[in-house]
Amino acid sequence: MPGQEGSPKTRVLIVDDHRTFAELLAFALGSQPDFDCAGWAGTGATAVELAAREQPDMVVMDISLGTESGLEVTRRIRETTPDATVVIVSAHRDPDWVVRAAQAGASAFVPKSGSLEEMLRVLRDVRQGSMLVSASVFGEPPRPRATDDPAVAALTARESEVLTLMGKGLAPAAIARLLGISVNTCRGYVKAIHLKLGVRSQLQAVVKAQQLGLVEAHSDG
């Protein structure tokens with residue numbers, strides 16, 4: 001593993017249009033035994049150029065680069081530097097953004113309001129290769145609307161997270177990847193949700209959850 005004695009350090013490219021944040025993170029990485037800062041970019045074009053030239057092991061990407069989308073820049077970097085792991089940093093906590101980040105090719109999602117310790121922990125954990133969503137992204141699970149249905153009270157916090165992502169149209173394999181759990185574990189949560197909601201399919205679960213106010217109904221438009 002990178003960082004062990006005799007092993008190369010994980011080289012991290014920082015992409016953020018806020019110089020102060022970038023400098024603080026670069027300093028923090030430089031003080032760690034297993035990381036090294038491969039450079040800093042404040043624009044998408046510079047980020048793609050630096051990534052192609054430096055071939056970093058990891059890219060920490062702000063989801064918003066002024067008028068540019070960090071997710072679009074992520075897609076461009078994944079095309080030119082496919083071996084780099086991309087970690088999205090964002091002020092957004094909605095699971096929608098987590099899904100979009102994964103679709104863009106990111107391997108982790110971290111809230112910008114999180115601690116430096118949390119950031120470093122995610123950077124270390126994501127080197128294992130699975131999609132990782134920082135625990136503080138979801139915060140408290142959404143509170144259901146007032147209802148007499150006992151299923152609402154019966155759902156655990158993790159089941160609520162799984163149900164929210166089911167409401168986004170994700171299959172168990174994708175949900176498992178986003179939450180950093182095994183597919184079998186996720187399927188267990190899905191079965192529990194079906195049992196508690198008294199349904200037999202994901203579609204029925206989502207429809208009933210919308211009726212109960214557990215997830216928001218949304219259109220494609």
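Biologist: Quick one: in E7, what is the bridge partner of Ser-90?
Modeller: In E7, Ser-90 has Pro-111 as its bridge partner. Strands here (E, at least two residues) and helices (H or I, at least four) are DSSP runs numbered from the N terminus. Keep in mind that this is a predicted model, where local features need pLDDT of at least 70, side-chain atom pairs count only at pLDDT 80 or more, and totals for chains, interfaces and linings use all residues. Residues are numbered from 1 along each chain as its sequence is written, and side-chain values use heavy atoms, with hydrogens and water left out.

Biologist: How many bridges join E6 to E7?
Modeller: There are 4, and E6 runs parallel to E7, residues 108–111. Two strands pair if DSSP finds at least two bridges between them.

Biologist: And which residue in E6 partners Met-58?
Modeller: That is Thr-85. Strand E3 (residues 58–62) is joined to E6 by 5 bridges, also in parallel.

Biologist: Why is E6 largely enclosed?
Modeller: Because 6 of the 6 residues in E6, residues 85–90, are buried. Buried means under 20% relative accessible area (1.4 Å probe, protein chains only). Thr-85, Val-87 and Val-89 cover one side, with Val-86, Ile-88 and Ser-90 on the other.

Biologist: New topic: which residues have the most contacts inside the largest nonpolar core?
Modeller: Met-61, Ile-88 and Met-166, in a core of 45 residues. Helix H4 (residues 95–104) gives the most to this core, 5 residues. A nonpolar core is a set of buried Ala, Val, Leu, Ile, Met, Phe, Trp, Tyr and Cys residues joined through side-chain atoms within 4.5 Å.

Technical notes. Buried means under 20% relative accessible area, exposed over 50%, partly exposed in between (1.4 Å probe, protein chains only).
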